[in-house]
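Good morning, colleagues. Please take a moment to look at the sequence and the structure on the screen, and then I shall lead you through them.

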Amino acid sequence: MSLEEYVVEISDVYKDFNLGKIIIPALQGISFKIKREEYVSIMGPSGSGKSTLFNVIGGLDTVTKGEIYIDQVDIADLDANELAWLRCRKIGYIFQTFNLLLAFTAQENIEIPMVFAGVNREERRKRSKELLKLVGLADRAKNKPGQLSGGQQQRVAIARALANDPAIVLADEPTANLDLETGLEIIHVLKELNEEKGTTIITATHDLKMISVSSRIIWIRDGKVDRVENRADIHVSAIT
Amino acid sequence: MSLDLPDPHFPLSEVIFLSFSNIRRRFFRSIITALGVILGIAFMAALLTNSIVLGIIQSETGVESYQYWLVGISLVVCFGGITNSMLMAVNERIKEIGVYKCIGGLDNHIVKLFLAEAFLLGIMGGILGGILGIGMGLFMNINKFTGNEFTLMVIENYLSFLFLFFLCVIISVILTGLATYVPARRAAAFSPAEALKYEK
C-alpha cells in the first residue's frame, strides 16, 4: 500500500519558459502527492503557474527539472510515443474552451480517443453510448458541437475524457466559460464521477464553487505551493 | 523506463473516415484550398496543351524557345499555388492538432490524417484541374484549324493529352502531399501545450 495509493507524485518540479533574452520561471520547485480517488483543486491567482502545472502533470509539456510520476511511471523519461500512449490511456483532459473536434458528432468525439487506443468499432459504439448516457446527453449523440450549448459541450468533453477509462481526469478551468448554474452542473457531474466511479479528479481553477466538492485544495503562488488545505479547514472562509 | 507498448495501429478505414469528415465539415474552406490546387494545375495543363498543339502545327519549324519558358513558368506557378494553399490549410489547424494529441493521437497518426486529406484534395484537384486546363489549352487553338481538322488532330494525338492528364494528377498528388507533409510533421512535433495555445 505504500506507493500504490498515490496516483500522482510530483517532486521538486521546475519549469522555465525561455523567451530569448529573458527566462521566466513558471514553476519553482513544486512537490505534492495525490491519492487515488481524491478530488483536488489547484487554485491560485492568474500567472501563478496553475496552467503550467496542469500541462506538466498531464504530459502536455515537458519540465525543466524534477520528477512526475503518473500511476508509478516517471513521465519525464518517456519519449513522444510513450507520452501519447499515456495521454490516451491514463489521463483524460477537460479544457476551459471544451476543445471538441467540430467536424464530428458528440458520439464521434467520444469515440476518437478509442480509435487511437485501438478499440474496435462495436465496442466503441457501445461505450460511447454509455458515456453519453452517463453525462445526460443520450439524445444528443448525433449533434455536432456547434449544435450544443456550452454546458452540453463540456459534458461531451467530460465523456470524451473518460473514453479510455483513465486513472485521472485533469480539468483546466472547466467552468470558466460557463454561467453560474451551468458551471455548478458541470461541477456536480465531476463530483458524481469522483464518488461513483472513483475517478481521481484534478482541476486547476479560479472557481470558488469548486471548493465545496474538493477533498483538498492546493494553493499555488509564484510557482510554488503556498499551502495545502483540506476542505474542512476552509469551509467557512470560502463561503464568506 | 519502458512501457512495453503495443503497436499503435491506425487502420486505413478510420484514417479515411476521419479525413473525409474533416473535408466535409470544412467544405467551403476545402473548396477554396482545392481551387488553389485546381487553378495551379489548370494553368500548367493549359500551357502544356498549348505547346503540344503548337508543336503539332509547327512540326516543320520546331517549337519556339519562349514556349519552354512558358512551361517552366507554369510549373513554378503551379508549385507556388499548391504549396501556399496547403501550408495555409495546415497552419490554421494547429490547435486542432493539439486536441488530437491530447486525446492520444501519435505524431504519426496526425501526419497520416493530414496526408489522407491532402491525397483526396490532390486527386480531386488533379482531375478537375487537368480537365479544365487541357480543355482550355485546346480551346485556345480551335481557330487555327478548319472544320473537322481540329477533331482529327485531337483524336490522332489523344495519347499525348491522356499522358498530360495523368501527369497533372500525379504532379497534383505529389505537390499537395509534400506541401502538407512538411508543415504537418512540424506541427505534430509540437508539444500539445504549445499546439493548443498556438495563435494563427
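I begin with a term: a crossing of two helices is called left-handed if the near helix is turned anticlockwise from the far one by less than a right angle, and right-handed if clockwise. Please also keep in mind that this is a predicted model.

With that term in hand, let us turn to chain B. Helix H5 of chain B, residues 107-140, passes helix H7 of chain B in a right-handed crossing. The residues of this contact of H5(B) with H7(B) divide into 19 nonpolar, 10 polar and two charged. The axes of H5(B) and H7(B), the latter covering residues 158-188, come within 7 Å and cross at roughly 150°. The two helices, H5(B) and H7(B), are therefore roughly antiparallel to each other.

What does the secondary structure of chain B come to overall? It comes to eight helices and zero strands. The radius of gyration of chain B is 21 Å, well over the 16 Å given by the globule rule for 200 residues, so the chain is more spread out than a compact globule. Its C-alpha trace spans about 75 × 35 × 30 Å along the principal axes. Of the 200 residues of chain B, 38% count as buried.

I now come to the contact between the chains. Here 27 residues of chain A are in contact with 23 residues of chain B. On the side of chain A that touches chain B, H2(A) gives the most, with seven residues. By class, that side of chain A has 16 nonpolar, five polar and six charged residues. Thank you for your attention.

Key:
Residues are numbered from 1 along each chain as its sequence is written. Chains are lettered from A and ligands numbered from 1 in the order in which they are written. This is a predicted model: local features need pLDDT of at least 70, side-chain atom pairs count only at pLDDT 80 or more; totals for chains, interfaces and linings use all residues. Axes are lines fitted to C-alpha atoms, for helices over the stretch in contact, and angles run from 0 to 180 degrees between N-to-C directions. Helices (H or I, at least four residues) and strands (E, at least two) are DSSP runs, numbered from the N terminus. Angles under 35 degrees count as roughly parallel, over 145 as roughly antiparallel, 65 to 115 as roughly perpendicular and the rest as oblique. Ala, Val, Leu, Ile, Met, Phe, Trp, Tyr, Cys and Pro count as nonpolar, Asp, Glu, Lys and Arg as charged, and the others, Gly among them, as polar. Two residues are in contact if their C-beta atoms, placed from the backbone, lie within 7 Å. The radius of gyration is taken over C-alpha atoms; the globule rule is 2.2 Å times the number of residues to the power 0.38. A residue is buried if 20 or more other C-beta atoms lie within 10 Å of its own, exposed if 12 or fewer, and partly exposed in between; C-beta atoms are placed from the backbone.
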